[in-house]
Amino acid sequence: MQVEFSAIEVPGEANPLTEGILYHVLRSAASTDPQQIQTGTKQLQTWEKTQGFYVLLQSVFLDKSLPLEVRYLAIIQIKNGIDKYWRKTTSNALSKDDRAAIRARLLESGINEADQRLALQNALVIAKIVRLDFPNDWPDLFKQLLDILKAATDPNAYRIHLSRALLILLHVVKELATGRLMKSRQSLQSVTPDILNVVGRIYVNKVQAWQSFFHDGGDDEGGAIENIESSLLTIKALRRLIIAGYDYHSREKDVQEFWTVTRTHFGDLLPYVLHESPLAPGVRNLVEKHLVQLAKFHLAMAQHHPTGFVLLPNSLELVHNYWALVSKLGETWGSKTLDDARIGTDGDSDDEAPILERLGLKGLLVVRACVKMVFYPAQTFRYRQKEEKAEKNQATDMVKSELLTNDMVRDMVSALVTRFFVFRPSDLRMWEEEPDEWEKMEDGGEDWEFAIRPCAEKLFLDLAKNFKDLILEPLMQVFYSVATPDNEDILFKDSVYTAIGLAADILADKLDFDAFIEQTLVPEVAKQKPGYNIIRRRIAITISQWIAVKVADEKKPVVYQIFQHLMDKSDPLNDQVVRVTAGRKFRDIADEWEFKAENFMPYAPLTLDRLMALVQEADLPETKMALLNTISIIVERLEHNITPYANSIITLLPPLWEQSGDEHLMKQAILTMLARLTNAMKADSRSFHVSFLPIIQSAIEPGSETQIYLLEEALDLWASIIAQSPSAPEPSSPDLLNLLPYLLPLYSQDNETLRKAIEITEAYLLLSPSSVLADDFRRPLLSSLADLVADVKANAQGTITHLMECIIRGAEGVGGEDAIKVVVADLISSGFLAKVMEGLHGAWSHHQSHGPYRELPSRAVDGIVETDFFTILARIGLASPNMLLEAIQSVGGGDLKKQLDWLLEEWFGHIENVSESTSRKLMCLTLTRFLEGNQEWMLAQLQNLMTAWTDVLGQLLEGCDDPSSDFLYWPAEPFPSRRDTGRDHEAPEDVRKRELIYSDPVHRLNLVEFVREHLQAAIQACGEDRFQEEWLSRVDQDVLKSFTALGIM
């Protein structure tokens, strides 16, 4: 490869792709010079779509004479390229020949690679390719791999071949085992027996070999360590293979035999790590890793195949053995006294937990998996054969009778409460040394599978729920023995209180928690003795667990005082952990269903002051956010009562915003807080609006860096500000109105953002109709809506329809019929009305065709969308029938009669399918107004009109005592005052919405009188005799009889 390094200085596109130049480009990209890295990386990106590039990369990787960093970059490039270009369906995919050439060299290069890092990356490349190509394009992969493994076990074989082949197998199995498609699972299952037969034998032989070396000694220590490493790779692969490679493990003889082997090995290896042993630390570490892999295998079987787990040989005995390990761990788990927490005493934890703790955790998880199998079995849609059902029932019965016996359950509950709920010395010391970190770690409940105490709590709760009669009585006896102020066994008391808090739902009828608060918790929270900070923290947690279960209203002031006291920094026992825990848990106190603002008001000032001080004191962003969330909930629950404290809360937020930097979660929490504060204060929040608007603008303007993170919360705050802005005659904020144009770009975003943007537009329309209907906003708004109409989902179409109704009504309110004319002209010019008519005509055409093979035209609408389209026409027609007719004529090309023939046929046919009574009445009003022109095309529809009147009025008069008035007609005082509605503190937007509803012609017009008046006017205009002869005589007698029965004519 004697190529000048300067070759890469030629512009990227001019460089030919050869192995020599590729080497130098890789060397450049792998250098430490930023300029060379940039140049080389750019050239590699240019080449990555070129055929032959990845074959040459593999050639560079295989050339062992090249520098390690160049070969490493080459294999990384291959690995990344597989994700982009290996699939046949991707653009610029590798050619069939290139893929075949790469596959042909993978296995050989993998087993002969001396460098561990390169071998690992090559194994990952093989695994990725196998995921895509096996079995169709690489059917003999496993045959090749098994042949290599068999040959590598020969005593004369090159020693590295076995470990490298096992490494490849491990990552291939890892990749295939994650497949969820049935085809992927079946492909793996088809080769599993052969792999287990070969690799299982290797595992057994290797373990026997190094166990013999441990027992008998020998000279080949290096060979023994190689055997340990090989058996470790083997068990890692086999545990994944067996879990994913079989469906019914207990029926497979090979699995039964291997299961027995793993149980034996687990028992044989434990003594090496649980007792003093002569093993060197490195060797002992490898043995510990074996034990962990075996435990992971047992746990995965219990969790993913519980029936198979129980029915495999001696599995329940294995569970008992695991519980024995857990019990052994419990003997040394918790602190015995508070003195254990002193600096320098035991309990310091290494980076990795001791092996007994790791195995004990797996034991707890195995036991919990057995409990879940009995009481919370996994649900499946897969059909189960009779044999499978019988096996499941057998396994369940075995767990109940052989594992979850009364004695065993009592023993487990006792161990959990008295040992694993107790803090360790390292916990207590971390509490003092790193309170912020420790409190955050303890509050996180999602990682219970990785820590002993949270896992023990989950198991306790499962047992408490399903063995109430067995354990509640002993638990209550223990509780009563420690739940007195005189008992000062702090660590044990904390563990018992933990159990009482977890089991709150179960103990609700057994424990008088109100008396417990009054007689025990109040005195204990006031005690000034060393260690009582532990009890104070637990009191906050326990009350938060019980508050929604059983705390009387008259005791809640006591609860508020307790939390107030726990957040008091001047009390020396209220350290940071106690105060932050109380601050976090007060969220549950404020958020419970029966929270009453008036009960909390006397305690609000001091509680909020202390919470805000805590926010400023906390160091971790996660802690600040949690405390901010507590304040946010209080704001929401206090509603208008929060107003006196608003200024203090808002003053707290700008520094937090600045400190958060790129921590967008904090900014989301702040925006949520501002929205809740605005909604709680109602119109009193207006003085703060102007300071909130720039934050909203920065999050909503197109191209904003924060839009992707903060848009949802910014829209909520924006909507809140509009909702609480005062109505006319008070002027609207110019800064708020200046945000209007930012709405339109949001119409092109996802459905949820679109829905919110339309709702905000509607809120603006209610607040300041003249601003929304101004030429510079109305026209682009209607154009945006025209782009959306008929092309969005039905629920989004409903929001568009409602907005359009508000626009039409708003125009009528601002400028009467002249304003309606302007809006309709824009609906025509924007194409909105044309889309509506096209959709309705498609629906009519569809209804004209018959038979099973008829298809819905591409632009046709049906169902609720058709109702929406007719609703828009009805709103225009009710405001001005002539305007609607002119618009229909304009869109239809001038022939009004032709347009009305199909439109009225479809409209009258659809009105009977409309379910919402307000929409039916609206359409009926509009169709009735068409009689005003005394046009023959409408008089010819008299039978359809009478059918519609009869149908709609029949619904609207049903159950009414007065048949002369439909139930949607509200003749009483149209605009009730706030006093009348019982809403002294009401959002201005709620008033605007109510006024919009009350002023709607649907509620201002009595349909009975409306029909009577229009029918009489038509008769008079026509002449009674002529009306009778020309039009009424054409009406079907049954239709006429039904309509006459209404008493209108």
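Predicted model: local features only at pLDDT ≥ 70, side-chain atom pairs only at ≥ 80, totals over all residues.
A pocket, as the term is used here, is an open set of grid points with protein on both sides within 12 Å along at least five of seven lines.

I begin with the largest pocket. How much space lies in it? The figure is about 1800 Å³. Its lining comprises 48 residues, and those nearest the centre are Ala300, Gln303, His304, His305 and Pro306. By class, 19 of the lining residues are nonpolar, 13 are polar and 16 are charged.

Which helix gives the most to this lining? That is helix 15, with eight residues. Several helices each supply at least two residues of the lining, namely helix 9 (182–216), helix 10 (221–245), helix 12 (281–304), helix 13 (306–311), helix 15 (355–375) and helix 16 (386–403).

My second topic is a helix pair. Helix 25, residues 532–546, packs against helix 27, residues 576–591, at an angle of about 10 degrees, and the axes are 8 Å apart. Angles under 35 degrees count as roughly parallel, and helix 25 and helix 27 are therefore roughly parallel to each other. On the side of helix 25, the contact is made by Asn533, Arg536, Arg537, Ala540, Ile541, Ile543 and Ser544. Helix 27 contributes Val577, Val578, Thr581, Ala582, Lys585, Asp588 and Ile589. Sorted by class, this contact has seven nonpolar, three polar and four charged residues.

Next, the annotation. An unreviewed UniProt entry assigns "domain: Importin N-terminal" to residues 40–112. In the model, this span is 71% helix and 0% strand, and its end C-alpha atoms lie 29 Å apart.

Asparagine 92 deserves a remark on backbone geometry. Its phi is near 60 degrees, a positive value in a residue other than glycine. Asparagine 92 lies in the loop between helix 4 (68–85) and helix 5 (96–111).

Finally, the cis peptide bonds. Where is proline 135 found? Proline 135 is in the loop between helix 6 (116–133) and helix 7 (141–152), and a cis peptide bond joins phenylalanine 134 to proline 135, with omega about 5 degrees. A cis peptide bond also joins alanine 728 and proline 729, where omega is about 10 degrees. Proline 729 is found in the loop between helix 34 (707–724) and helix 35 (734–737).

Thank you for your attention.

Key. Residues numbered from 1 in each chain as written. Heavy atoms only, no water. 1 Å grid on protein atoms, 1.4 Å probe; cavity = no way out; pocket = protein on both sides within 12 Å on 5 of 7 lines; lining within 4 Å. Points joined across faces, edges and corners; volume = space filled by probe spheres on them. Helix = DSSP H or I, 4+ residues; strand = E, 2+ residues; numbered from the N terminus. Nonpolar A, V, L, I, M, F, W, Y, C, P; charged D, E, K, R; others polar. Axes fitted to C-alpha atoms, helices over the stretch in contact; angles between N-to-C directions. Parallel < 35°, antiparallel > 145°, perpendicular 65-115°, else oblique. Contact = heavy atoms within 4.5 Å. UniProt positions renumbered as here; feature names shortened; annotations may be inferred.
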